[in-house]
Amino acid sequence: MKILDRYLAGAVIIGTLVTLGVLLPLMGFFLLADEMDEVGENGYQLADALLFVALIMPRHTYQLFPIATLIGALVGLGSLASRSELVAIRAAGVSIGYIVYAAIKGGLLLALVAVAVGEGVAPIAEQKALQWRSEAQSGQVTLKSEHGFWARDGRAYIYIQEILSGAQLRDIHIYEFDEERHLSRVTRAEHAGYVKGSWILQGIFRSTIDNERIKTSHLAQADWNSLLDPGLLKIIVVEPHVLPIWGLLRYVRYMAANGQDARPYEVVFWGKAIHPFLIPAMIFVSIPILVGSARTSGFGARMLLGVVVGIAFYLVSRTFAYFALLYGMNPLVATLIPPFAFLAVAFWVLKRAG
């Protein structure tokens with residue numbers, strides 16, 4: 001039975017890898033085609049676009065894994081069915097339930113690989129991709145650390161403690177140097193906003209330094225003639241899909257503690273939490289498609305049905321995610337309804353198939 005387990009699990013794994021080998025180049029082509037609109041903007045060239053697409057591919061690989069597993073299970077197990085190997089296995093007394101169990105073992109290994117890619121590699125790679133593209137398009141050098149954000153603006157160096165959505169900054173420090181690279185002025189502002197094409201600083205404490213003394217002043221508000229591109233800050237504003245699941249959990253708690261709406265992050269958090277379980281679940285869904293239509297349709301028809309089911313699952317999942325955001329549905333409930341509904345239908349078909 002261990003040999004049979006490895007054989008069935010191996011068929012699912014190989015089928016999934018083959019499916020990913022077909023889907024990922026297509027996905028990369030479409031992403032690159034979409035990115036070509038940005039090529040030629042300032043210093044952003046084709047090589048930059050290729051690197052950007054390569055760095056965001058791990059996230060798309062993670063998102064494709066459940067659908068790829070569904071199609072891969074149909075490819076792997078379907079090839080066994082086409083050679084009558086599944087018939088021989090069942091004739092030997094192996095139940096459909098055991099075939100499902102053995103196939104899901106392969107799904108668990110795929111789930112571990114998916115988690116390593118999606119939660120380990122993808123967040124770091126995508127953050128690097130966004131920073132690389134923004135710097136190439138704006139020509140500004142930036143550095144993000146756990147303590148804040150640094151950027152160079154001509155002869156000035158800018159430190160920002162916190163960046164909020166809508167180009168809103170908090171706790172800004174601006175260090176300006178003269179032509180001889182001597183520190184000439186230090187400005188600290190409590191808040192900054194980008195309004196009608198220019199930056200406005202509020203709550204300003206300024207120190208001007210010369211050879212004889214340091215002059216300090218306080219201003220309620222002042223214009224800030226900075227070349228800092230608001231689009232560059234998008235790489236720092238926390239986007240839910242870029243964060244790993246533990247980062248999402250921390251951010252949800254932070255937003256809840258500060259009375260902010262955390263539902264977009266909660267929806268992504270619960271989606272990431274159940275994402276690894278979707279991979280073995282899709283294998284379970286593939287078995288009824290394979291068995292239930294074995295006598296009435298060929299391999300191509302089963303593959304088409306599997307693709308339709310995968311697309312339907314993606315669309316239903318996205319629809320319930322929007323319901324959670326627009327109508328206040330509980331994010332956990334909205335995330336769980338689609339997979340449980342598809343599993344219930346798969347179980348019903350599998351039961352009818354014996």
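## Lining of the largest pocket

In this predicted model, helix α7 contributes the most to the lining of the largest pocket, supplying 11 residues. The pocket itself holds about 1,100 Å³ of space. Its lining comprises 39 residues, of which Gln63, His275, Tyr314, Ser317 and Arg318 are the closest to the pocket centre.

Several helices take part in the lining of the largest pocket. At least two residues each come from α2 (46-82), α4 (96-138), α6 (263-292), α7 (299-326) and α8 (331-352). Sorted by class, the lining has 27 nonpolar residues, 8 polar residues and 4 charged residues.

Phe269 belongs to helix α6. Because its relative accessibility is 13%, under the 20% limit, Phe269 counts as buried.

Ala321 is placed in helix α7. With a relative accessibility of 11%, Ala321 likewise counts as buried. Its C-alpha atom lies 7.3 Å from that of Pro331, a residue 10 positions away in sequence.

## Salt bridges

Side chains of opposite charge can pair when their charged atoms come close. The count for this model comes to 6 salt bridges. One of them joins Glu119 to Lys272, with 3.6 Å between the closest N and O atoms. This pair connects distant parts of the chain, since Glu119 sits in helix α4 and Lys272 in helix α6, 153 residues apart. Both partners are buried: Glu119 has a relative accessible area of 6%, and Lys272 has one of 11%.

Another salt bridge is formed by Arg83 and Glu85, whose closest N and O atoms are 2.6 Å apart. Arg83 is partly exposed, at a relative accessible area of 48%. In the salt bridge between Arg185 and Glu176, the closest N and O atoms are 3.1 Å apart. Arg185 is partly exposed, with a relative accessible area of 28%, and Glu176 is also partly exposed, at 23% relative accessibility.

## Backbone angles and strand positions

Most residues other than glycine have a negative phi. Ser84 has a phi near 65°, a positive value in a residue other than glycine. Ser84 is located in the loop between α2 and α3 (85-91). Its relative accessible area is 42%, so Ser84 is partly exposed.

Asp171 also carries a positive phi, near 55°, and is a residue other than glycine. Its place is in strand β4 (residues 168-177). Asp171 counts as partly exposed because its relative accessibility is 21%, which falls between the limits of 20% and 50%.

Ala151 is part of strand β2 (residues 148-153). A relative accessible area of 4% makes Ala151 buried. The C-alpha atoms of Ala151 and Ile174 are 9.7 Å apart in space, while the two residues are 23 apart in sequence.

## Nonpolar surface patch

A nonpolar patch on the surface is formed by Ile14, Val18, Val22, Leu26, Phe29 and Phe30. Together these residues have about 630 Å² of accessible area. One of them, Phe30, is situated in helix α1 (residues 2-35). Phe30 counts as exposed because its relative accessibility is 56%, over the 50% limit.

Technical notes. Residues are numbered from 1 along each chain as its sequence is written. This is a predicted model: local features need pLDDT of at least 70, side-chain atom pairs count only at pLDDT 80 or more; totals for chains, interfaces and linings use all residues. Side-chain values use heavy atoms; hydrogens and water are left out. On a 1 Å grid over the protein atoms alone, a cavity is a set of points where a 1.4 Å probe fits but cannot get out, and a pocket is an open set with protein on both sides within 12 Å along at least five of seven lines; lining residues have an atom within 4 Å of a point. Grid points are joined across faces, edges and corners, and a volume is the space filled by probe spheres set on the points. Helices (H or I, at least four residues) and strands (E, at least two) are DSSP runs, numbered from the N terminus. Ala, Val, Leu, Ile, Met, Phe, Trp, Tyr, Cys and Pro count as nonpolar, Asp, Glu, Lys and Arg as charged, and the others, Gly among them, as polar. Patches are made of residues with over 30% relative accessible area and no salt bridge: like charges are joined within 9 Å, nonpolar side chains (Val, Leu, Ile, Met, Phe, Trp, Tyr) within 5 Å. Accessible areas come from the Shrake-Rupley method with a 1.4 Å probe; for residues, only the protein chains shown count as cover. A salt bridge is a side-chain nitrogen of Lys or Arg within 4 Å of a carboxyl oxygen of Asp or Glu. Buried means under 20% relative accessible area, exposed over 50%, partly exposed in between (1.4 Å probe, protein chains only).
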